[in-house]
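This briefing is meant for a reader meeting the structure for the first time. Please look over the sequence and the model before reading the notes that follow.

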Amino acid sequence: MSGPAVGLWLFEPRGFADILADVVPWLETFCEPVETKADGDVDFWVRDGSVLGLPAFDPAGVGVFFLSEDEEIPAEDEDYSAFSRPPVQGLVVGAGCSGPVNHMLLGHLVLALARRLDAPVDFDGLLSSRPAEGDDTRNEAVLTRARALASVLPGRLSEVSYDTWGGGRWLRHVGDAAFLEAWLQHPDFHLVK
C-alpha cells in the first residue's frame, strides 16, 4: 500500500545532486539505511525520531520514506499568484505505507526539510478539519472546513488553484513551516490516516 506524500517548493533552482549532498548526510544521522536509487531518488528508514523532536516509536510499524524531484513543478495550470514569484523546482517527500506513525514521521520530516531548504510545503490537496465521508473536489463543505482550519492556525497557508481532470478548477493548500508546525500539533492531524 502506498502512503502519503507532500511536496516542497523551491524558488531558487538547485541541482538535485546538490540538494542530496546537503540532505543525505543529515538523514544518515537518524535513518538507516539511506539508499540512493539508480534514478537518483533516495529511500530511507527512520530509526531515531529524536532528531525530529519526536519521542521513541516502534520502528516495526514504520515503512520506507523517499525523497525525489518533482518533475511537474512548476505546473502550467497552477495559479501561483499567492506568492511573489512561482516556484522553479519541486521535491516530493513520501511514506511507502500509511498509518498513524508514518503520517506523524512524514509530517516531522517535512517540517525539518522545509526549514532546512527554506521551502513551503505543498500538501497536495486541501487540509480539512474532520473530513466527512464522500468529500470530493466539488464539495463546497470541504472548502469551508479547510478555510475554517486555516483561519485558526498560525503561519501562512495559501490556496493554489489548478485544472481538474473534469475541466474545472479546484484548490490545494501550500503552507509555510510555521503553519505545518501548528498543524502537526492540531488534534485533527491525528485523524488523518
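This is a predicted model: local features need pLDDT of at least 70, side-chain atom pairs count only at pLDDT 80 or more; totals for chains, interfaces and linings use all residues.

Does Phe 65 count as buried or exposed, and at what relative accessibility? Phe 65 counts as buried, because its relative accessibility is 0%, below the 20% under which a residue is called buried.

**Confidence**
- Across the protein the mean pLDDT is 88, and 92% of the residues reach 70 or more.
- Over residues 130–135, however, pLDDT stays under 50, and for this stretch the model has eight contacts beyond four places in sequence.

**Aromatic rings**
- The count of aromatic pairs comes to six, and one of them is the stacked pair of Phe 44 and Phe 65, with 6.1 Å from centre to centre and 20 degrees between the planes.
- Because Phe 44 lies in strand E3 (residues 42–46) and Phe 65 in strand E4 (residues 65–70), this pair ties together parts that are 21 residues apart in sequence.
- Phe 44 is buried, as is shown by its relative accessible area of 1%, and Phe 65 is likewise buried at 0%.
- Elsewhere, Trp 9, Phe 11, Tyr 80 and Phe 83 are linked into a cluster by ring pairs.

**Charges over rings**
- Phe 83, a member of that cluster, also has the charged end of Arg 156 sitting over its ring, 5.0 Å from the ring centre.
- In a further case, the charged end of Arg 172 sits over the ring of Tyr 162, at 5.5 Å from the centre of that ring.

- Helix H2 has 18 residues and reaches 25 Å from its first C-alpha to its last, which is close to the 26 Å expected at 1.5 Å a residue.
- This helix is mostly covered, with 13 of its 18 residues buried, and just after H2 comes Asp 118, which takes a positive phi of about 50 degrees.
- His 108 is found in H2, which spans residues 100–117, and it is buried, with a relative accessible area of 12%.
- Leaving aside residues up to four places away in sequence, His 108 touches Leu 52, Leu 54, Leu 184 and Gln 185.

**Helix H4**
- In helix H4 (residues 177–185), the buried residues include Leu 184, which is also one of the residues that His 108 touches.
- The buried residues of H4 pack against H2, strand E6 (121–122), helix H3 (140–152), strand E7 (157–163) and strand E8 (169–175).

Notes. Residues are numbered from 1 along each chain as its sequence is written. Side-chain values use heavy atoms; hydrogens and water are left out. Helices (H or I, at least four residues) and strands (E, at least two) are DSSP runs, numbered from the N terminus. Buried means under 20% relative accessible area, exposed over 50%, partly exposed in between (1.4 Å probe, protein chains only). Contact means heavy atoms within 4.5 Å. pLDDT is the predictor's confidence in each residue, from 0 to 100. Rings of Phe, Tyr and Trp (its six-membered ring) pair if their centres lie within 6.5 Å; planes under 30 degrees apart count as stacked, over 60 as edge-to-face and the rest as tilted. A charge sits over a ring if NZ of Lys or CZ of Arg is within 6 Å of the ring centre and within 35 degrees of the ring normal. The expected span of a helix is 1.5 Å times one less than its number of residues.
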